[in-house]
Amino acid sequence: MTIYEIITKKKHNAELSTEEINWVVAGYVSGSIPDYQMSALLMAICFCSLSDRETVDLTMAMARSGDMIKPETGGFNVDKHSTGGVGDKTTLIVAPIAAACGVYVPKMSGRGLGHTGGTIDKLEAIPGFTTELPYEKFIENVKKIGLAVAGQTSSLVPADKKIYALRNATATVDSIPLICSSIMSKKLATGADGIVLDVKFGSGAFMKNIEDAEKLAEAMVRVGKLAGRKCSAVLTNMDKPLGHAVGNALEVVEAIEALKGNSPADLLEVSLALAAEMLFAAGKGTSEECLAMAERAISTGAALEKLRLMIEAQGGDPKVIDDYSLFPQPKRKKEIFAAGDGFISGISCEAVGMTSLKLGAGRQTKEADIDPSAGIVFHKTVGDKVQKGERLAVLYTSTDCDIEDIAREFETEFSYESSKNFSEEKSVKKNIKGY
Ligand code: URA
């Protein structure tokens, strides 16, 4: 078997055997297959795709490339994963809700990728908060308070770390089998009993249309089911940022407000749908009962209390919950005003993510530092009627980026219509259950 033969086979749309897939993953992780040959294979997969069997084989080979853990919490462990979005702070809302309802959430999360944000970067905006928990402490926290969120250790799914970095650099991210294997290998290796997937579609997502998002969701749910997990997916809209805030500290504040009962409608809709799926997977009741439980966890303040306990248990300052001035504060801001009268008919969501990144909320290079204070707060959103000169959004940064130039470009990302002849979409489109 040679990598040359395997690339040629995939280039001609032939199915790779389980043995060939295992050999490629092991060879790439060990370094015997170089980046340029792996890139060629990934591009061939982008064009010719993988069968269901090949996708399962790739996922399992990647999952087994490092440690496979089983969180020994003594309870039913539920995990939630998003395929990547802009303004997506739902983990900070749904994990405390699930914990408040008696479900264990041992969550390993990632950092921002491309124009999309990451939970670890957001949590690190809380003064003192650490996401580098020794494994024993991680489990101890879950047992004690119901939830812990940590970064993935390097011994978990090393194949994904290497392959993802290569995909990011070779324009091979947006392939259904590659996204499926990347996400599901991590979910299977971290051993959750229940897995809830938030599969995003739209201009700010990797899947630009709902049909592709549905195919991705079905592929991931199929893999989860084959691996014996209770796996379900919720298809959610990412044509505009979720909620009003984009950026690390800004999103933590918005998540805290959501747990205090003050959430933008779209963020609440998606968060409740995901939390209800997590409770359902844990056998807490019917879908309707789970939704009502999730709502109660917010209205009683129980979920906010779980977030406070998690912040404290991970070294953060829990006073941030009542005093937002304790978060890193931006040194500069720039207001954006409406260019004309009318209704906002669209905001380029990927451009919003890129703007936030340029302000310092994301990384332009792998090694770059994050500015936790940077980001965008929207005061108007899609569907809103605006008058020329009305404030649409505020950009924040503490970096020395060219905020004037960024603002000029950002202003062009809003589109307007004179009358409201476009329909406002619901954020949650569909649930797909694998059990
Ligand atoms: N998130 C991941 O973890 N992997 C992908 O391939 C895309 C989004």
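**The ligand and its shell**

Modeller: Start with Ser182: one of its polar side-chain atoms lies 2.6 Å from a nitrogen atom of the ligand. That is a polar contact (N or O atoms within 3.5 Å). This is a predicted model, where local features need pLDDT of at least 70, side-chain atom pairs need 80 or more, and totals for chains, interfaces and linings use all residues. Numbering runs from 1 along each chain as its sequence is written, and side-chain values use heavy atoms, without hydrogens or water.

Lys186 places a polar side-chain atom 2.5 Å from an oxygen atom of the ligand. For Arg167, a side-chain N or O atom is 3.0 Å from a ligand oxygen. The protein covers 95% of the 240 Å² of accessible area that the ligand has on its own (Shrake-Rupley method, 1.4 Å probe).

Which helices line the site? Helices here are DSSP runs of H or I, at least four residues long, and strands are E runs of at least two.

Step back to the whole chain. The protein chain has 16 helices and 13 strands. Its C-alpha atoms fill a box of roughly 65 × 45 × 40 Å along the principal axes. Of its 435 residues, 55% are buried (under 20% relative accessible area; exposed is over 50%; 1.4 Å probe, protein chains only).

13 of its 17 residues are buried, so α12 is largely enclosed by the rest of the structure. Gly283 follows α12, with a positive phi near 75 degrees.

Ser423 counts as exposed because its relative accessibility is 57%. It sits in the loop between β12 (414–417) and β13 (428–433). From Ser423 to Gly315 is 108 residues in sequence and 45 Å in space, C-alpha to C-alpha.

Methods
A polar contact is a pair of N or O atoms within 3.5 Å; within protein, one must be able to donate a hydrogen and the other to accept it, and residues adjacent in sequence count only if both atoms are side-chain atoms.
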